Amino acid sequence: MLVSTSSTVQRTSQGLVQGDALYNMVKYTSISFLKLLFMSTLLLSIAPSTEPCNPIDYKVLHEIQEAMGSTPGLVSAFNLATDCCSGWAITCDSNGRVTFFLASKGNTSTQIPSSISQLEYLQAFQFIYSPIYGSLPSTLTKLKYLTAIRVAGTNLNFTIPSFLGNMTDLQSIDLSSNSLHGPIPSSLGKLVGLTRLDLSNNHLSGQIPQSLGSCKALGSLDFSNNQLTGDVPKSLGQLNMDYVALGSNNLTGDASHLFQSNTGTLYLYGNRFAFNFSNVNVGSNLAYFDMSNNLVYGGFPPSIINTLFESFSVSNNRLCGPIPEGGSLQQFQADAFANNLCLCGRPLPPCSGS
């Protein structure tokens, strides 16, 4: 269980679309006022197209709209009755070519139309909270400018296609909260420019590919709430990731290499990790940390007193020894440390002899 100093701090996902790549996904457990202000300013700063929607793109968007059924929100967003570039859910370039679109809340169960590949200048797209099913069309490989894909909260139930690894300009992939199954393809390791990979809340199985260590730009990785097994590849410890979420899987072995100096969020809860916590170097940037419900042993490392946690839990492990004072650990309740082998000291009962 994650324990926070504020009841408002929860695990949440925030999607930010538009911008230089038209789609940048930022995932945090809490978002400050300044970050929210930045998002709002960025969205308002997108200049509208000075040209009407290109006829080819207009035709494709109309096919997508028809495939997804009659949806008032979708119709008004695309605004196909006048000019599709004027809709809030579509961005066009200065020549009227569609570079981004959002489709959501359709009321017809359908597949993602393969005609999407005819939006040849498309840089990013989202299908969210829609009853679409099937798989990603292989024709996506024709989109040479595509940098971001988000298909989340749908009925998609495919195995992740290996052809995604051939789309080497991809920077962000979000396939969270679907019904995906099977392994994570090793071909994703070819995406050297990938900065964000979110496959959380699916039914994925097998091991995390060693090849992901080649994604040197990767800063955010979320595989939580799946059925992944085996050890976490050592190659992931060579990446400079700010956000790492592997909670609620069946992962085993040593995860100490995931404690990097730049990491701000690390969720390891609900696995079978087993390593000596005493030997871990906890970085001072780590603010959100949940290692509960594992088999981690040893005591607290000295470096932990230099970290100012916003949320913290190491409950239900095999830790032993005194809880260090002088850092931020005493601000958390006893349940953040509960059900370990022999932890003691505030906020738990005093250590014997003290």
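Biologist: Where does N339 lie?

Modeller: This is a predicted model, and in it N339 sits in the loop between β20 and β21.

Biologist: Why is N339 called exposed?

Modeller: Its relative accessibility is 56% and the label needs over 50%, so N339 counts as exposed. N339 also has a positive phi, near 60 degrees, in a residue other than glycine.

Biologist: S177 has a positive phi too. Why is S177 called partly exposed?

Modeller: S177 has a relative accessible area of 34%. Buried would be under 20% and exposed over 50%, so S177 falls in between and is partly exposed. S177 belongs to the loop between β7 (172-174) and β8 (181-182).

Biologist: And what makes N202 buried?

Modeller: A relative accessible area of 5% is set against a limit of under 20%, so N202 is buried. N202 is in the loop between β9 (196-198) and β10 (203-206), and it touches residues including S177, N225 and N226.

Biologist: How do you know that the side chain of N202 makes a polar contact with L175?

Modeller: A polar atom of that side chain lies 3.0 Å from the backbone oxygen of L175. The cut-off is within 3.5 Å, so the pair qualifies. The N202 side chain also reaches the backbone nitrogen of S179, at 3.3 Å.

Biologist: Lastly, what makes β18 and β20 a pair?

Modeller: Pairing takes at least two bridges; two join β18 to β20 (residues 318-322), so they pair, and they run parallel. Within this pair, G298 stands opposite L319 in β20.

Definitions and conventions: Residues numbered from 1 in each chain as written. Predicted model: local features only at pLDDT ≥ 70, side-chain atom pairs only at ≥ 80, totals over all residues. Heavy atoms only, no water. Helix = DSSP H or I, 4+ residues; strand = E, 2+ residues; numbered from the N terminus. Buried < 20%, exposed > 50% of the residue type's maximum accessible area, 1.4 Å probe, protein only. Polar contact = N/O pair within 3.5 Å; in protein donor to acceptor, adjacent residues only side chain to side chain. Contact = heavy atoms within 4.5 Å. Lists of a residue's contacts leave out its neighbours within four places in sequence.
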